[in-house]
Amino acid sequence: MQIPRTAALRSLLIGALILTLLGSARWLLLQQPSRPALSAALLGHTIVVDAGHGDWDPGMIGTSGALEKDIDLAIAKKLAEYLRAGGATVLLTREDDAVLGADKAADMAARRQLAEQAQADMFISVHANSFVADRSQHGAQCFYQRGNERGQQLAELLQAALIAELGDNQRSALVHNGSYLLKNLDMAAVIVETGFLSNAEEEALLMDNDYQWQVALAIYSGVIDYYNAQSLR
């Protein structure tokens, strides 16, 4: 028995619609990975996530022209989403291509003021590195201020989480002596250099949406480890 042409056409259209919906659902999952469940470790904590640079300050420029300020913001927003889903109160220093002051000094002072007024207990500044003298250099690395024990512990735990999640990294958390924010913030404060834009392969990774989620997840995991360790003291 022959199937009427209209019925066959309807079946084809329904099949095509189902395939389209399945494809759209998969795309959405890739764009927004599953959010973490509430974590007791994060409840009651206020975290400032600082997307480095912005507007007239592009930061480092990659081998193909990627701007650090854009990568910093993309990863910072993903990290903020994870932390909020986990139960933390999160403030972003910027949520678009902007700065907080007319010049670098004013911008840094405003970021510091935001963190202090929020009475945050953690400050994570997201950046990307560059070393054009040796373009083979790669890998995420965390920095802290000498004498800030909370910052050092956070940086070391974040470094371990980044290595565990991203791999191919022999770097260690190090002291940073030139950061206005790390010097002046009395909280667990760190800079996370998420990779090297001077390395073409790593620049491509840092521009990739899925990889940005991976970096954000690694930082999130390190934050959980830090608060869990603090609770044992």
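This is a predicted model: local features need pLDDT of at least 70, side-chain atom pairs count only at pLDDT 80 or more; totals for chains, interfaces and linings use all residues.
The protein chain exposes about 12000 Å², with carbon and sulfur atoms supplying 55% of it. Of the 233 residues, 45% are buried. Among contacts with a separation of 6 or more, 79% join residues 24 or more positions apart.

**Stop one: the core.** Select Leu42, Ile47, Val49, Leu83, Ile124, Ile219 and Val223; in the largest nonpolar core, which has 45 residues, these touch the most other members. Now colour the elements that each give two or more residues to this core: β1 (46-51), α2 (68-86), β2 (89-92), β3 (122-129), β4 (141-144), α4 (149-166), β6 (188-196) and α7 (209-231). Helix α7 makes the largest contribution, with eleven residues.

Stay here and centre on Val223. Which residues does Val223 contact, once neighbours within four places in sequence are set aside? Show Leu42, Ile47, Leu83, Met122, Ile124 and Leu158. Then hop over to a second, separate core of twelve residues, where Leu181, Leu182, Leu185 and Ile191 are included.

**Stop two: Gln159.** Pick out Gln159 in helix α4. Is Gln159 buried or exposed? Its relative accessibility is 4%, so Gln159 counts as buried. Beyond residues up to four places away in sequence, Gln159 touches Ala140, Gln141, Cys142, Asn169, Arg171, Ser172 and Ala173. For one of these, draw a C-alpha to C-alpha distance: Asn169 sits ten residues from Gln159 in sequence and 9.5 Å away in space.

**Stop three: the largest pocket.** Select His53, His127, His176, Ser179 and Ile191, which lie nearest the centre of this pocket among its 19 lining residues. The elements giving two or more residues to the lining are α3 (104-117), β3, α5 (180-184) and β6. Strand β3 has the largest share, at four residues. The pocket's volume is about 290 Å³, and its lining holds six nonpolar, eight polar and five charged residues.

**Last stop: the second largest pocket.** Its volume is about 210 Å³. Show His138, Asp168, Glu202, Leu205 and Tyr211, the nearest to the centre of its 13 lining residues. Both α4 and α6 (200-206) supply at least two lining residues, and α6 has the largest share with three. Colour this lining by class and you get five nonpolar, five polar and three charged residues.

Key:
Residues are numbered from 1 along each chain as its sequence is written. Side-chain values use heavy atoms; hydrogens and water are left out. A nonpolar core is a set of buried Ala, Val, Leu, Ile, Met, Phe, Trp, Tyr and Cys residues joined through side-chain atoms within 4.5 Å. Buried means under 20% relative accessible area, exposed over 50%, partly exposed in between (1.4 Å probe, protein chains only). Contact means heavy atoms within 4.5 Å. Accessible areas come from the Shrake-Rupley method with a 1.4 Å probe; for residues, only the protein chains shown count as cover. On a 1 Å grid over the protein atoms alone, a cavity is a set of points where a 1.4 Å probe fits but cannot get out, and a pocket is an open set with protein on both sides within 12 Å along at least five of seven lines; lining residues have an atom within 4 Å of a point. Grid points are joined across faces, edges and corners, and a volume is the space filled by probe spheres set on the points. Ala, Val, Leu, Ile, Met, Phe, Trp, Tyr, Cys and Pro count as nonpolar, Asp, Glu, Lys and Arg as charged, and the others, Gly among them, as polar.
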